[in-house]
Amino acid sequence: MFQDPLTLIVVCAILVVAIVAFLANRYRKCPADKILVIYGSGSGNGGKRSAICVHGGGAFVWPVIQDYAYMSLTPIGIDANLTNALSRQNIRVDVPCRFTVGISTDPEYMNAAAERLLGQTANQIQEMARDILFGQLRLVIATMSIEELNSDRDKFLEAITANVEVELKKIGLKLINVNVTDIKDESGYIEALGQEAAAKAINEAKVRVAEQEKMGEIGKAEAVRETRIRTAAANAEAVKGENEAKINIANSDAVRRENEAEALRRATAAEKVAQAQALEESYAAEQKAEEARATRERATQNANIIVKQEIEKKRLVIEAEAAAEQKRVNAKGEADAIFAKMEAEAKGLFEILTKQASGYDKMIQAAGGDATKAYTLLLLEKLPELVKTQVEAIKGINIDKVTVWDNGGNADGKGSTANFVSGLMKSVPPLSELFEQAGMSLPEYLGKKSPLPNPSPEEEGEN
């Protein structure tokens, strides 16, 4: 038929590719939210099972003899609002419930679902499951009392789960969740139970409040009792001496009354004697009581005065020590300040004298080693100050306020006023005398001291 080998190879290759493509097209993969159901001749287990269920994988579907379909694993919510259900007490109740069911991936559930739910829509599956749920829910309610339905919800849910799962398993469904809302009854029994429980809770709360209040009052009373006991003990300790004195007085009174009773049986004279004795004993007892009271008062006064004096003494000692410490601190601070000041002054004076000595030494060197020339230079520097000092000696004299009595003239032709001013100027020591008083001589270039004239015979006579 095919003469050319190349053509034969191409045809064979095409056939192989077509067969592989056809076989690959018949391999079906199952999504995670679905179940792959393969049905047809020889589906599985030697033909004993009506379908092969695959979840999470894939399978090959033979052409012609097999086919496939998918079932969804999406949960289905079913409202089962059961009304007029008869309880074990023959009380009709309304039990609104919501069930969540779905196809399970368990092999038994998948096979049952493939046999009974394959090809059914979600609404059809929901209606089928609702009929089963209503029947089983009525059966469970019939076996329980109102109290169990209302209070023991765990038991109610366990009974629903046990009964419903068995029936749902037959069609391949598994119960995922049960949500039971408020249960109501026609007779108002559940509401009465609620009111009873509320009243019981309120009463228990009141009892607990009363218990707490009682405990509070007991604690308060115990605290008051403890306070009173301690106060009474303190008072008893304080008046112990007084009570002992009163006991002595009471004993004395008893003796006195006994003597009085004895005196009543006797004559009047004996009665007076007994009364005198009783009075004497009474006075003695009172005297002892007064002595005891005086002793207690003295002890109290001594304690008060001594304690106060000791406290005052300690306070004065502490204050004196604090004042002494303050004085020591102040004295130390002042001494440190004086020492620092004197040390600074000594350092300053030392620097001044050092600098002056250095300056004098350089000045003598500049004068060629002649000390006389050196101090002459120093005197030249101080000369303006010396002249200023001489001028200052009479600078502040107010001449206008000096009164001079003048008789008209003198032999030398000078007036008294002129003589006064001249004598005033002569009273100022000249520079030459200042130098002599200092043990030095005035340099010749500053002026020579004129020799004193020989005194006249008249002046010598006057002297």
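Visitor: Which residues of helix 3 are buried?

Guide: In this predicted model, the buried residues of helix 3 are I125, Q126, A129, R130, I132, L133, Q136, L137, V140 and I141. The word buried requires a relative accessible area under 20%.

Visitor: What makes the rings of Y68 and Y70 an edge-to-face pair?

Guide: The structure holds one aromatic pair. The ring centres of Y68 and Y70 are 5.9 Å apart and the planes stand at 80°. Centres must lie within 6.5 Å for a pair, and an angle over 60 degrees counts as edge-to-face; the pair of Y68 and Y70 is therefore edge-to-face.

Visitor: Why are Y68 and Y70 not called buried?

Guide: A buried residue has under 20% relative accessible area, and an exposed one over 50%. Y68 has 24% and therefore counts as partly exposed. Y70, with 33%, is likewise partly exposed.

Visitor: Why is the contact of D79 and R98 called a salt bridge?

Guide: The side chains of D79 and R98 come to 2.4 Å, N to O. The cut-off is within 4 Å, so this value qualifies. D79 belongs to strand 6 (residues 76-86) and R98 to strand 7 (residues 92-103), so the bridge ties together parts 19 residues apart in sequence. D79 is partly exposed at 38% relative accessibility, and R98 is partly exposed at 39%.

Visitor: What makes the salt bridge of K169 and E108 a link between distant parts of the chain?

Guide: The closest N and O atoms of K169 and E108 are 3.1 Å apart, and the two residues form a salt bridge. K169 itself counts as partly exposed, at 34% relative accessibility.

Visitor: Where do E343 and K347 lie?

Guide: Both residues are in helix 8 (residues 268-366), four residues apart, about one turn of the helix. An α-helix has 3.6 residues a turn, so residues three or four places apart point the same way. The side chains of E343 and K347 meet in a salt bridge at 3.7 Å, N to O.

Visitor: Why is K347 called exposed, whereas E343 is called partly exposed?

Guide: The limit for exposed is over 50%. K347 has 52% and therefore counts as exposed; E343 has 35% and so counts as partly exposed.

Visitor: How many salt bridges are there, and which residues are linked in a network?

Guide: The count comes to 14 salt bridges. E312, R315 and E319 are linked in a network.

Visitor: What lines the largest pocket, and which classes of residue does the lining have?

Guide: The largest pocket holds about 150 Å³ of space. It has 15 lining residues, of which S72, I76, I103, Q120 and I125 are the closest to its centre. Strand 5 (66-72), strand 7 and helix 3 each supply at least two lining residues, and strand 5 gives the largest share, three residues. By class, nine lining residues are nonpolar, six are polar and none is charged.

Conventions. Residues numbered from 1 in each chain as written. Predicted model: local features only at pLDDT ≥ 70, side-chain atom pairs only at ≥ 80, totals over all residues. Heavy atoms only, no water. Phe/Tyr/Trp six-rings, centres within 6.5 Å; stacked < 30°, edge-to-face > 60°. Buried < 20%, exposed > 50% of the residue type's maximum accessible area, 1.4 Å probe, protein only. 1 Å grid on protein atoms, 1.4 Å probe; cavity = no way out; pocket = protein on both sides within 12 Å on 5 of 7 lines; lining within 4 Å. Points joined across faces, edges and corners; volume = space filled by probe spheres on them. Nonpolar A, V, L, I, M, F, W, Y, C, P; charged D, E, K, R; others polar.
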